[in-house]
Amino acid sequence: MTDGGRYYIYFSAGRGTAHRMYAISSASPASGYTAERQLALPGGKWAIDGSLFTFNGQRWFVWSGWAGDTNIEQNIYLSRMSDPVTPTGNRYLISQPRESWERVVGNPYINESPEAIKDPNGQLHIVYSANGSWSDQYCLADLRLRAGGDPTYVWDWYKSNGCLFGSNRATMMAGWDPTLYVNGPGHHSFVLLNGDIATSPPAGPRFPLMFHAVPKGTPYS
């Protein structure tokens, strides 16, 4: 994404319990990147799949992580940022994998790969993946912030009643159909103008969605 004329790439690195979030940046998208810098996320726990976004003039960082130091479940956390690489204040829990349709595949149960988007009404959404990525139950679901809500207050977030993009009808939200050609779609990225949720939507242009999956009939391994 871009911020203040610089390009930022966020990634996770580390073995086992040492997974943490890092960032590199450059004035050019194709070269000149800085050495990696670990983000000092509040809590200092295992963290993956982080991304930065700006909402109502405030930078936020959202990621998937552990509550403690053991791999029991992956939750989605949020933190304010004072600049693109500096978290500030507390970490806030906004989602746990506690619904029946996101606990079909576990060990651990997961909420991961959170990505922010705004709908045409200006409401903030965090789209995330549920169920294990090693199975065809992997899918995308949605957290929607209540209009005028506080992003740090978990009860101001509403979770979809099932998968919105998935390959198994039993876990799909009512009225949503499963995929026709792929199994286990998830871990997506919205391709937004300048990486900015304020520009697409609600500005109007359609935008790509990238995700990983396997073709129907392909066995998982």
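**Notes on an all-strand chain**

1. Strands here are DSSP runs (E, at least two residues; helices would be H or I, at least four), numbered from the N terminus, and two strands pair if DSSP finds at least two bridges between them.

2. Before going on, keep in mind that this is a predicted model: local features need pLDDT of at least 70, side-chain atom pairs count only at pLDDT 80 or more, and totals for chains, interfaces and linings use all residues. Residues are numbered from 1 along each chain as its sequence is written, and side-chain values use heavy atoms, with hydrogens and water left out.

3. Now the sheet around that pair. Its four strands come in the order β1-β2-β3-β4, the sheet is open, and the pairing is antiparallel. Because β1 (2–3) and β4 (37–38) sit at the edges with a single partner strand each, one side of each has no neighbour in the sheet.

4. Have a look at S25, which lies in β3 (residues 20–26). Is S25 buried or exposed? Its relative accessibility is 9%, so S25 counts as buried (buried is under 20% relative accessible area, exposed over 50%, partly exposed in between, with a 1.4 Å probe and protein chains only). Leaving out residues up to four places away in sequence, S25 touches R6, Y7, Y8, G32, Y33 and T34; contact here means heavy atoms within 4.5 Å. With R6 there is also a side-chain to side-chain polar contact at 3.1 Å (a pair of N or O atoms within 3.5 Å; within protein, one must be able to donate a hydrogen and the other to accept it, and residues adjacent in sequence count only if both atoms are side-chain atoms).

5. Next, β6 (residues 58–65): six of its eight residues are buried. Seven bridges tie β6 to β5 (residues 47–55), running antiparallel, and seven bridges join β6 to the antiparallel β7 (residues 73–83). W60 shows both links: W60 is the bridge partner of F53 and stands opposite R80 in β7. β5 and β6 make a hairpin with two residues between them, and N56 in the turn has a positive phi of about 55°.

6. Finally, the whole chain: there are 14 strands and zero helices. Of its 221 residues, 47% count as buried. The C-alpha trace spans about 45 × 40 × 35 Å along its principal axes.
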